[in-house]
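Here's a quick briefing for anyone opening this structure for the first time. Take a look at the model, then read on.

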Amino acid sequence: MDSLSLLELNALVRRSLEQCLPDEYWIQAELSDVRSNTTGHCYLEFIQKDPRSNSLVAKARGMIWNNIYRLLKPYFEESTGQLFTSGIKVLVKVTVQFHELYGYSLTVLDIDPTYTLGDMARRRREILLQLEEEGVLTLNKELEMPVLPQRIAVVSSATAAGYGDFCHQLKHNSGGFFFYTELFPALMQGNQVEESVLAALDCINTRISEFDVVVIIRGGGAASDLSGFDTYLLAAACAQFPLPVITGIGHERDDTVLDSVAHTRVKTPTAAAELLIQRVGEAAERLEELSARLQQGAYTLLEQEQRRLVTMQARIPALVHRKLSEARFTLLTAQKDLSQVTQNLLSRQRYRLELLQQRVADNSPEKLLSRGYSITLKDGKAVTDASLLQPGDQLTTRLLKGEVQSTVR
């Protein structure tokens with residue numbers, strides 16, 4: 001029985017594959033375990049997952065030689081705005097290789113960025129559709145931008161050039177407007193974008209009353225590293241954030257998912273600063289317009305009142321003369337009425353006085369004495385009861401003419 005060594009068998013497999021699969025093939029796969037070494041070659045793994053269970057159904061080792069990789073990588077990243085890294089789906093042209101020592105592998109010769117763009121767009125559409133079904137897609141856009149957005153929470157990398165440009169633009173604005181900015185540091189590229197930006201938003205949310213808007217700016221990072229802004233969790237958090245969110249991530253291609261749910265999307269951090277300056281400038285213009293209208297209104301009112309005052313001043317002499325005439329007539333009438341009232345009062349009082357005098361005269365002692373009456377006095381007091389007298393009392397009897405002295409016995 002003939003036998004083969006492992007080397008001989010592997011060599012047979014290699015020759016068979018070379019004969020059976022001599023051409024170049026376009027394959028669809030997902031990248032996994034992408035890494036490059038000091039020689040400039042790129043080693044990676046191609047995988048395929050079951051769409052239902054997400055379990056692996058196929059896997060193949062792959063590589064890209066240095067002379068291909070140094071052209072393919074920047075071409076792909078510039079075309080897609082996506083890093084050439086694990087987790088993305090690609091359409092690549094490969095040749096099938098089998099090495100007696102290293103086994104089966106695929107050598108990449110070319111890549112079609114449009115396939116990856118299509119997959120990325122599909123994923124973005126799926127995320128946006130999910131947010132729409134949940135009723136949160138446009139929540140942040142529906143928030144009203146503050147009239148004076150001067151307290152700004154900035155989510156960015158502290159070392160990003162875009163952050164410096166943003167602050168410089170605000171500080172040196174031509175209107176001289178004041179802006180308060182506070183940085184909430186986050187990683188703006190790499191695999192931790194989602195996690196760090198979410199953490200920054202959480203910190204801002206705990207101090208929500210201290211800020212007017214949130215600005216997420218990137219600027220200065222690789223234009224290809226934008227996949228971190230195309231995640232569901234980050235988009236959902238931004239869409240439901242209680243303050244308007246402005247994004248200035250710094251790219252020209254189609255909006256990321258984060259851009260799509262933010263209140264306002266601009267291209268660069270500088271543009272974000274200009275947007276805020278313009279907003280405050282518009283408020284200042286409205287304030288100046290209202291101030292001018294108020295001043296003009298005050299002048300108009302003062303002029304009207306001044307004309308009214310002049311008119312009234314012109315009317316004062318005639319009014320005074322009429323009022324004096326009326327007062328004089330009233331005074332004469334009152335004087336006449338007072339004189340009449342006084343005469344009537346004096347007449348009534350004179351008549352009453354005469355009646356009283358008559359009554360007093362009729363009841364005077366002299367009147368009684370003239371009628372034959374007399375008055376008996378004891379010690380100067382009239383005696384009205386004889387039982388009160390005692391023998392020996394001295395009495396005086398007064399008549400109309402003269403007095404009689406007597407002693408009681």
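Let's start with a sheet: 4 strands form an open one in the order β12-β11-β13-β14, with antiparallel pairing. β12 (381–382) and β14 (403–407) stand at its edges with a single partner strand each, so one side of each has no neighbour in the sheet. Bear in mind that this is a predicted model, where local features need pLDDT of at least 70 and side-chain atom pairs count only at pLDDT 80 or more, while totals for chains, interfaces and linings use all residues. Residues are numbered from 1 along each chain as its sequence is written, and side-chain values use heavy atoms, with hydrogens and water left out.

**The sheet up close**
- Strand β11 (residues 375–378) pairs with β12 in the antiparallel sense over 2 bridges; two strands pair if DSSP finds at least two bridges between them.
- In that pairing, leucine 377 stands opposite alanine 382 of β12.
- Strands (E, at least two residues) and helices (H or I, at least four) are DSSP runs, numbered from the N terminus.

**Domains**
- The chain is divided into domain 1 (4–114), domain 2 (134–280) and domain 3 (373–406), with bounds from an automatic or database domain assignment.
- Taken over C-alpha atoms, the centres of domain 1 and domain 2 are 38 Å apart.

**Helix α3**
- Helix α3 (residues 113–133) has 21 residues and reaches 30 Å from its first C-alpha to its last, close to the 30 Å expected at 1.5 Å a residue; that expected span is 1.5 Å times one less than the number of residues.
- Its buried residues (under 20% relative accessible area, with a 1.4 Å probe and protein chains only) include Pro113, Met120, Ile127 and Leu131.
- Among the elements covering the buried residues of α3 are α2 (66–80), β4 (89–99) and β5 (103–111).
- Just after α3, glycine 135 takes a positive phi of about 80 degrees.

**Two buried glutamates**
- Glutamate 182 sits in strand β7 (residues 180–185) and counts as buried because its relative accessibility is 18%.
- Its side chain joins that of tyrosine 180 in a polar contact of 2.9 Å (a pair of N or O atoms within 3.5 Å; within protein, one must be able to donate a hydrogen and the other to accept it, and residues adjacent in sequence count only if both atoms are side-chain atoms).
- Leaving aside neighbours within four places in sequence, glutamate 182 is in contact (heavy atoms within 4.5 Å) with residues including Ile152, Arg207 and Phe211.
- Glutamate 77 is found in helix α2 and, at 10% relative accessibility, counts as buried too.
- The side chain of glutamate 77 reaches the backbone nitrogen of phenylalanine 84 at 3.0 Å.

Definitions and conventions
Buried < 20%, exposed > 50% of the residue type's maximum accessible area, 1.4 Å probe, protein only.
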